[in-house]
6 protein chains.
Amino acid sequence: MFYHVKELQYHAKPERPDPVFARMLQEVLGGQWGEISVAMQYLFQGWNVRGNEKYRDLLLDTGTEELAHIEMLATMIARLLEGAPVPTLEAAAKDPVINAILGGMNPQHIIVSGLGAMPADSNGNRWTADYIIASGNLLADFRMNLTAESQGRLQVARLYEMTDDRGVKDMLAWLLARDTMHQNQWYAAIKELEEKENIVVPSTFPRQLEHREVSHVLFNTSAGNQSAQGRWAHGPSMDCEGVFKYVEKPVPLAPKPKLHPAPPNIHNTPPEDC
Amino acid sequence: MFYHVKELQYHAKPERPDPVFARMLQEVLGGQWGEISVAMQYLFQGWNVRGNEKYRDLLLDTGTEELAHIEMLATMIARLLEGAPVPTLEAAAKDPVINAILGGMNPQHIIVSGLGAMPADSNGNRWTADYIIASGNLLADFRMNLTAESQGRLQVARLYEMTDDRGVKDMLAWLLARDTMHQNQWYAAIKELEEKENIVVPSTFPRQLEHREVSHVLFNTSAGNQSAQGRWAHGPSMDCEGVFKYVEKPVPLAPKPKLHPAPPNIHNTPPEDC
Amino acid sequence: MFYHVKELQYHAKPERPDPVFARMLQEVLGGQWGEISVAMQYLFQGWNVRGNEKYRDLLLDTGTEELAHIEMLATMIARLLEGAPVPTLEAAAKDPVINAILGGMNPQHIIVSGLGAMPADSNGNRWTADYIIASGNLLADFRMNLTAESQGRLQVARLYEMTDDRGVKDMLAWLLARDTMHQNQWYAAIKELEEKENIVVPSTFPRQLEHREVSHVLFNTSAGNQSAQGRWAHGPSMDCEGVFKYVEKPVPLAPKPKLHPAPPNIHNTPPEDC
Amino acid sequence: MFYHVKELQYHAKPERPDPVFARMLQEVLGGQWGEISVAMQYLFQGWNVRGNEKYRDLLLDTGTEELAHIEMLATMIARLLEGAPVPTLEAAAKDPVINAILGGMNPQHIIVSGLGAMPADSNGNRWTADYIIASGNLLADFRMNLTAESQGRLQVARLYEMTDDRGVKDMLAWLLARDTMHQNQWYAAIKELEEKENIVVPSTFPRQLEHREVSHVLFNTSAGNQSAQGRWAHGPSMDCEGVFKYVEKPVPLAPKPKLHPAPPNIHNTPPEDC
Amino acid sequence: MFYHVKELQYHAKPERPDPVFARMLQEVLGGQWGEISVAMQYLFQGWNVRGNEKYRDLLLDTGTEELAHIEMLATMIARLLEGAPVPTLEAAAKDPVINAILGGMNPQHIIVSGLGAMPADSNGNRWTADYIIASGNLLADFRMNLTAESQGRLQVARLYEMTDDRGVKDMLAWLLARDTMHQNQWYAAIKELEEKENIVVPSTFPRQLEHREVSHVLFNTSAGNQSAQGRWAHGPSMDCEGVFKYVEKPVPLAPKPKLHPAPPNIHNTPPEDC
Amino acid sequence: MFYHVKELQYHAKPERPDPVFARMLQEVLGGQWGEISVAMQYLFQGWNVRGNEKYRDLLLDTGTEELAHIEMLATMIARLLEGAPVPTLEAAAKDPVINAILGGMNPQHIIVSGLGAMPADSNGNRWTADYIIASGNLLADFRMNLTAESQGRLQVARLYEMTDDRGVKDMLAWLLARDTMHQNQWYAAIKELEEKENIVVPSTFPRQLEHREVSHVLFNTSAGNQSAQGRWAHGPSMDCEGVFKYVEKPVPLAPKPKLHPAPPNIHNTPPEDC
């Protein structure tokens, strides 16, 4: 169960409105790697944990914090939009500054949300749960969490470079630091699990059942062999279960497939040649 | 540029048709973590690499191999569908076996694809590029690649448990082994980059610009403190840039936000109380 | 069955082309609350009515009119696009006016539709049936219809403020009036049903089966108690079935959940602590 | 900012597992009218309120409670899934009971989520923000909120009818009661705004600017005139701004449109007849 | 502008309810190639025609008829659903017939639409305008229309094979005949345009501007040369502008690409090797 | 199985960067009719062919070539993006040229992909498999392929008109020529099948089972009879199975539908009038 306090986790106040930057900031609110994604991902992972209370607690801690980040970004965007021009377009056409703002902002910030933040990315694509995962396997999921914090911090850093507003930069500096912590924490949790389970997910599947002859082989299917220079092409494998091998000219191992004709009531094209 | 040979990378032949399993197998062909996702993700990452030919080559090698896996799964699914019943439903209703098959299979395998594989998951959701990322930052992207191979291998393992067909199991055992290699290879590439750059993405953003006072702090926003027991709550941080700190009772740091009223031509509800 | 006449329900002719406004006008054609949404919603509701011929007729009347509104907007947009510049971009870069138009218009209006209207919103998101509902419960659905006409009229009003073109304003003034009528009519239909059924949907579910002790309680889960000042926090409930009650400090009523471990063949992380 | 306690708002424990019902229950967790929709909708509306603290508080109260409902449903679904069979399908085929369960459950509950709840509906469509709205106009939005609680309670009632499990029914009885309250509260808030603003949204748009001659007219575009019998076809309009009028045979008011040819560099079909 | 009559274009009455077939029939109502697709596609194409009144009229004629087909299918599905069982699942589990029906039907037909048709396909994916096109080039669009009628008739034929219900078969026989006509009519319109414009779309683009040396060449990028046996590999080209040529071993014509490094403020991985 | 060579099929090098054109070019990479669509469509069609090796080979040849086109476009877009400005927006606001570029480009090309190509269209909508079809009926599918090459070449021609960059024009001239060939080849394949099967898909469905009395009838449901002038309204039908007939005033052939009430446990609005 959740409780809300009206105060923000951290400041979300720009020096001045900037509707074009408001559009761009939507990416880290409602985009693929935005705060809605991490909040929902951590909470669903947390609710689905079976045993392992330590991890459940960490997931719910962090998911709950991310809800506060959604709130901060929504507030910042609403404030950046306060300067959105809504003159007639005709009037705008005569004023290059207004014009540039209108050209660069998200029109739905006027027409749909009335100067409010939206659950959408910087191109106006609405958020979708296609972005997230909660699989029940914590090592697989923590890797996704580390990815999300890496992609997210990268996007925040790019946005930091695109503004001079000290209020915006201050909030982004907070988010950058929190993403630093979250990368650190998922890294720590991953190490813990990898030390216990080895690195290949799922560790519980018996390795002798897979085709072990290709478990550590790099197939050079793309001409050129720069990839042979990497650590992944020689030496002991990272899971210490074999030795990396580089196959210069991989060949197919199974014959050309031939499918049986479909029955007539499917109304496919009848085969000519079989 | 690409070339295709008609032979398959590995066998994709079931012992017998099984339209219900064909539906399930769609998950690892056209689902969030299926072969279309990894093929497209690695190729786009590879094409966007700027310098770093070794990584570009590795990405294109692996992306090209994943195209072969799409082909194997498409072939397997087409063969599993060869036993799909298309009697009238009325006739089916009288035969519990046919009935169970019809209830459990994807009706689009009959109506839409005519017993062919589809670029969709086990619930018939069509594949979407919302699933993938190519960010230009290789450490961020390789973490996503390791995630994809972890989630993918997990799903293949679950499918392996759900069939007795030796042909299907043989192909899945091949895919499991290849996912083992791919987890190993992205792991190796990640280690290489982490050793050079440290672990926080993007490493090029100057750390002194973020709010360092919260870069290694766990906020206990979720009641209960099992999460205090983890490695992430004490000791030196994983990035060796600080010491983990646990804040038992986190408080908000910014006042309650108050937004300005919108201009009248936005036609929002006028404020009562300001 | 439907018939079409070539004449328009009302005028849809701008004084002059304006490709940027054409993009914005797409919102009320193919957006979440646009004319495609109401046409499809009313028709599906109408076709699914079981008995209640009066409501079925009203739904089909209005749905059929909305088809005419789609047509008017499509025509208006096609005409606004007649001034779209298709010079080379290089040439455009030198002309700030052309430049501003190109920056503000939807590029798909040139590349995809060839100066035609699209079934999409102002950000180019294609229309989806995720926007609509036909539930079989008319009170629930008429409330959605009233919502749709409210959101739609709000968007049309915002667009009206953004143009000086008398032709466009004339058409929008027509749509505003029709949305006024449609709000009035769904309001009337709702009153009629509420008088017969009381206000809680579905009225046919026996109230004694729900947990009546919380049927009229406001839980103050968000710190601050401004919400205690509203009508919803005291006095008789709107359904006349109880008295509103305000709970200042709501507490959880069920213990911390604990899930059982998954069976091994699911390959989740095995629990440490159970 | 948010805080979480580990206890649940209310019980979410079934008497026994039921993977088929778990699939169905997903509708009110991650479907169009499920708990994710209301939580996100109320929170975004709340964060975007400009002035009107009473409404902001109510929105954040209720949005925060809905987060607790997501948690209850996620927990219930995870428990219902504990009985999911994962034998081989071949073995299943011989056992009609297992068979029926496998045919009726969501395969992604095994393959993707590992017996966990998903942010998706009963057909496995992932949640999307296409479902929700926060427009800045509170009357428009409260109407959507009343709709959401009506559609939501309707779906919960239908699910209540489909199970005998006393644990599930107990939780649904709680949700039914909360939806009763939420319908009551939005109804109260709507009344308050309607009394102040009259009923047509947005009330701030000057009525004399719309085509008032059609503001209270029902066009009978669908043959048959059962719709003439309704309150919407005669008497004073609900907004008290006019009198309802029924037009038996509506005619078009504008000529057949004729579009100008596109310029040659658009490469449309050149017109034959103009 | 549109008018509606209450009578149906053709009968839509099954002999008896069949909720499982109702689910399947959704494919040709709200699926990729269903009646919503053709109705919307033809109407948008018609509204966007610039000149060429003959084609505009044909498009609007046919689009208007397709609206009647949506209505017929919606009616048929609502009637097929009249037998949907809504006992408790527990009771169902004991009755194999009910059980099979529940397993095979779309649960949203109970929970969401209350026994009504939905704008969705046989897997419950909601209709999206991603399925359709109106490009302004009539030859391109008529080819899409011929495709839509071909895919649509194919699906109707497959459904016809899956039922014994004489009422359903009667309606499908009507739709099959109308699809026959529509294939014939788009075929005729295409011939007319091809005779005037030649076959390559767009015909208005000057052929000398394209790389004519590869305008009639088949590159054998896929090993095996069965494709050399086709008409497309030898003889005069279909557009009579050249002679087909078969290239057995196609080679790349441009060097390996090398991208420049990104500027530092993008925070991509810095290149090692350039 | 696939192989990749690092060289490009053809040159993909612009004279100079142009981030705005990069956005537009995304349409033919990741849009509805872009190269991802044709690559995936032809490969899935090819893998699903049952017999008919000649067609299977042709599909795999062409699908494999389209992969090379994806690569060329991705490379071109990455190069066009090399000039993307990432100054602060504030600095940009003072420079009209930078400003115009920022307003016209896709912000995700900076924030998400770090100056790389994306699997998305010119409005930033991610690619989805909703765009494609592989039905098992080759005539139906080849018609879709001809459509795809027609729509695709149309879009490339429009883009060709919008740039002066000789490098871009050179690559587009290559794609135009390849689309010419692909239109020719699918045209040839279609002719071959039509000569064997006649033109109505599926040809295997017995014509006597359809309602032949309406198999060649044009219903004039849209007022005005310009459509009577076309070839489709008189003379022998294109399939030589009948004579076209024009029905000036089509009438409904079935009575007004009347649905039965839903059972009470569905909680629909109870019918008043039955």
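This is a predicted model: local features need pLDDT of at least 70, side-chain atom pairs count only at pLDDT 80 or more; totals for chains, interfaces and linings use all residues.

Me: At what angle do the axes of α2 and α3 in chain F cross?
Reply: Roughly 155 degrees, and the axes come within 8 Å. Angles over 145 degrees count as roughly antiparallel, so α2(F) is roughly antiparallel to α3(F).

Me: Left-handed or right-handed, that crossing of α2(F) and α3(F)?
Reply: Left-handed.

Me: OK, what about between chains? Which residues of α3(F) does α2(B) meet?
Reply: F:Leu67, F:Ile70, F:Glu71, F:Ala74 and F:Ala78. From α2(B), the residues are B:Phe44, B:Trp47 and B:Asn48. By class that contact comes to six nonpolar, one polar and one charged. F:Leu67 and F:Ile70 are also among the α3(F) residues that meet α2(F).

Me: How do the axes of α2(B) and α3(F) cross?
Reply: They come within 9 Å and cross at roughly 40 degrees. That angle makes α2(B) oblique to α3(F), and the crossing is right-handed.

Me: Switching to chain E. At what angle do α2 and α7 pack there?
Reply: About 165 degrees, with the axes 11 Å apart. Here α2(E) covers residues 35–48 and α7(E) covers residues 138–161. With that angle, α2(E) is roughly antiparallel to α7(E). The crossing is left-handed.

Me: Which residues make the contact of α2(E) and α7(E)?
Reply: α2(E) brings E:Val38, E:Gln41, E:Tyr42 and E:Gln45. From α7(E) come E:Asp141, E:Met144, E:Asn145, E:Ala148 and E:Glu149. Sorted by class, the contact of α2(E) with α7(E) has four nonpolar, three polar and two charged residues.

Me: New topic: cavities. What volume does the largest cavity have?
Reply: About 900 Å³.

Me: How many residues line the largest cavity, and which lie nearest its centre?
Reply: The lining has 39 residues. Nearest the centre are A:Asp130, B:Asp130, C:Asp130, E:Asp130 and F:Asp130.

Me: And what's the lining of the largest cavity like by class?
Reply: It has eight nonpolar, 17 polar and 14 charged residues.

Me: Now the backbone. Which residues does the cis peptide bond in chain C join?
Reply: C:Val201 and C:Pro202, with omega about -15 degrees. C:Pro202 sits in the loop between α8 (166–197) and β2 (217–219) of chain C.

Me: What about F:Val201 to F:Pro202, cis or trans?
Reply: That peptide bond is cis, with omega near -15 degrees. F:Pro202 is in the loop between α8 (166–197) and β2 (217–219) of chain F.

Me: Last one. What phi does D:Asn52 have?
Reply: A positive one, about 60 degrees, although D:Asn52 is not a glycine.

Methods: Residues are numbered from 1 along each chain as its sequence is written. Chains are lettered from A and ligands numbered from 1 in the order in which they are written. Side-chain values use heavy atoms; hydrogens and water are left out. Axes are lines fitted to C-alpha atoms, for helices over the stretch in contact, and angles run from 0 to 180 degrees between N-to-C directions. Helices (H or I, at least four residues) and strands (E, at least two) are DSSP runs, numbered from the N terminus. Angles under 35 degrees count as roughly parallel, over 145 as roughly antiparallel, 65 to 115 as roughly perpendicular and the rest as oblique. A crossing is left-handed if the near helix is turned anticlockwise from the far one by less than a right angle, and right-handed if clockwise. Contact means heavy atoms within 4.5 Å. Ala, Val, Leu, Ile, Met, Phe, Trp, Tyr, Cys and Pro count as nonpolar, Asp, Glu, Lys and Arg as charged, and the others, Gly among them, as polar. On a 1 Å grid over the protein atoms alone, a cavity is a set of points where a 1.4 Å probe fits but cannot get out, and a pocket is an open set with protein on both sides within 12 Å along at least five of seven lines; lining residues have an atom within 4 Å of a point. Grid points are joined across faces, edges and corners, and a volume is the space filled by probe spheres set on the points.
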